[in-house]
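Welcome! Here is a short tour of how the parts of this protein meet, and of the surroundings of one of its ligands.

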Amino acid sequence: MILGVIADDFTGATDVASMLVRAGMRTVQVLGVPQGALPEADAIVVALKSRTTAPEAAVRESLGALAALRAAGARQIYFKYCSTFDSTPRGNIGPVTDALMQALGTDLTIACPAFPENGRTVFRGHLFVGDALLSESGMRQHPLTPMTDANLVRVLQAQTAQRVGLLRHDTVAQGAAAARARLQALQAEGVRIAVADAVDNGDLLTLAEACAELPLVTAGSGVALGLPPAYARRGWLRPDAQAAALPAVRGASAVVSGSCSEATNAQVARWLHNGGAAVQVDPLALHEGRQTAAGLLLKAEQMLQQQPVLVYATAAPERVGAVQQALGVQAAGELVEQALARIAAGLVQAGVRRLVVAGGETSGAVVQALDVQQLRIGPSICPGVPWTAARDAASGDTLLLALKSGNFGGPDFFREALALAGHAP
Ligand SMILES: Nc1ncnc2c1ncn2[C@@H]1O[C@H](COP(=O)(O)OP(=O)(O)OP(=O)(O)O)[C@@H](O)[C@H]1O
Ligand SMILES: O=C(O)[C@@H](O)C(=O)CO
């Protein structure tokens with residue numbers, strides 16, 4: 001094992017795993033702090049749910065993951081957070097970085113959420129989402145982690161007692177040797193965490209090469225793209241052209257969507273526009289007992305005989321707001337997640353072997369209901385979303401799962417995903 005990754009959320013973990021596989025590393029994702037022996041792979045990604053928990057809990061879980069990854073022989077540790085640097089004023093990016101640095105006995109790391117293929121770039125320490133500063137993007141209004149400052153040096157400095165500095169783009173543009181020299185100079189000046197600029201994949205490759213021998217890298221998924229070639233240059237890794245190969249499956253296909261993000265709303269709209277079979281979950285009807293998970297499942301199962309079915313709670317912001325006002329944000333979220341998770345488990349029981357799930361929280365609930373503990377990472381459907389393979393405990397069959405971050409994927413994502421997994425239309 002070469003690389004051990006600690007990811008602060010579920011779909012973020014599959015995102016970084018996908019980057020590694022794309023560049024030839026055989027990668028397995030483990031759900032939660034590993035309990036037993038870790039499987040054989042070049043990279044292991046531990047998926048935590050530590051993005052918005054109390055910093056103390058996030059630190060505890062991250063250190064648990066670190067211990068397991070080190071025991072398995074990881075040469076380098078990677079702390080993966082969101083490409084929009086999602087955090088609260090208290091953390092958890094700063095506190096987790098501090099704890100990992102201390103445990104690893106290192107006094108220099110980088111911080112770089114850039115993911116240019118998905119429009120996230122960092123310039124002069126400022127994070128852009130598409131053409132807008134982070135603070136002027138939709139992230140400004142995020143319910144849990146509103147990001148109102150695009151200056152990452154300032155944002156991170158507020159979360160750590162260690163000194164935060166900046167590795168500027170003009171240095172990165174000069175190549176890995178210059179970036180490495182500048183990191184050493186910053187370290188000599190007392191900087192412990194350097195926010196690194198990156199505006200395209202070339203910059204990510206440079207940063208990965210410059211940081212391949214640091215004990216710890218902290219980043220979004222982007223920097224991971226450059227690590228496999230950097231390891232190969234050092235003779236640590238022989239990239240495997242088959243790293244993304246997954247077994248073919250037979251059986252039905254379904255999509256379960258609990259994400260209400262803009263991208264997912266467009267994907268659901270496209271599916272419906274194309275006349276795809278669909279069952280809509282209405283949270284108020286669920287709450288009042290006019291809908292039940294069992295009833296919705298039955299309806300979906302009937303459609304499944306002819307074609308793939310979409311089960312969705314996805315709705316526009318006004319509709320979600322009205323439901324949240326009636327039921328409470330937390331209660332509405334859990335009600336829908338539990339219903340979708342039960343329906344997903346029922347669909348697998350009914351023979352679904354290709355399952356797309358939209359939304360990070362929704363994915364967490366579904367994977368828990370399926371009692372999946374490990375995912376082998378396969379080919380990318382779009383930047384940040386791979387197909388993955390798990391073992392269905394009940395049948396022993398291979399189950400293909402695509403866990404999509406809310407904001408990822410184009411409007412045709414669901415159809416593209418099923419086609420890539422061999423679903424004949
Ligand atoms: N119609 C609805 N009304 C209220 N809440 C809903 C509705 N549909 C889904 N939800 C809830 O909204 C939340 C969506 O979160 P989820 O993490 O699944 O998606 P996301 O935030 O778009 O994805 P990501 O975290 O990957 O960006 C879930 O808790 C889900 O149960
Ligand atoms: O980095 C990203 O944007 C995603 O992997 C993610 O973490 C979404 O929650």
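In this predicted model, 21 residues of domain 1 are in contact with 21 residues of domain 2; two residues count as in contact if their C-beta atoms, placed from the backbone, lie within 7 Å. Helix 1 gives the most to the side of domain 1 that touches domain 2, with nine residues. Strand 2 (27-31), like helix 1, supplies at least two residues of that side. Helices (H or I, at least four residues) and strands (E, at least two) are DSSP runs, numbered from the N terminus.

The domains span residues 3-233 and 252-420, with bounds from an automatic or database domain assignment. Their C-alpha centres lie 28 Å apart.

Now to ligand 2. Which residues are the closest to ligand 2? They are Gly12, Asp15, Cys82, Ser83 and Ser405, in a shell of 13 residues; a residue belongs here if its C-beta atom, placed from the backbone, lies within 6 Å of the molecule. Helix 1 (residues 10-22) returns here, giving the largest share of the shell, three residues. Domain 1 and domain 2 each provide at least three residues of the shell.

The table gives both groups by class.

| Shell around ligand 2 | two residues | nine residues | two residues |

Ala, Val, Leu, Ile, Met, Phe, Trp, Tyr, Cys and Pro count as nonpolar, Asp, Glu, Lys and Arg as charged, and the others, Gly among them, as polar.

Residues are numbered from 1 along each chain as its sequence is written, while chains are lettered from A and ligands numbered from 1 in the order in which they are written. Local features need pLDDT of at least 70 and side-chain atom pairs count only at pLDDT 80 or more, whereas totals for chains, interfaces and linings use all residues.
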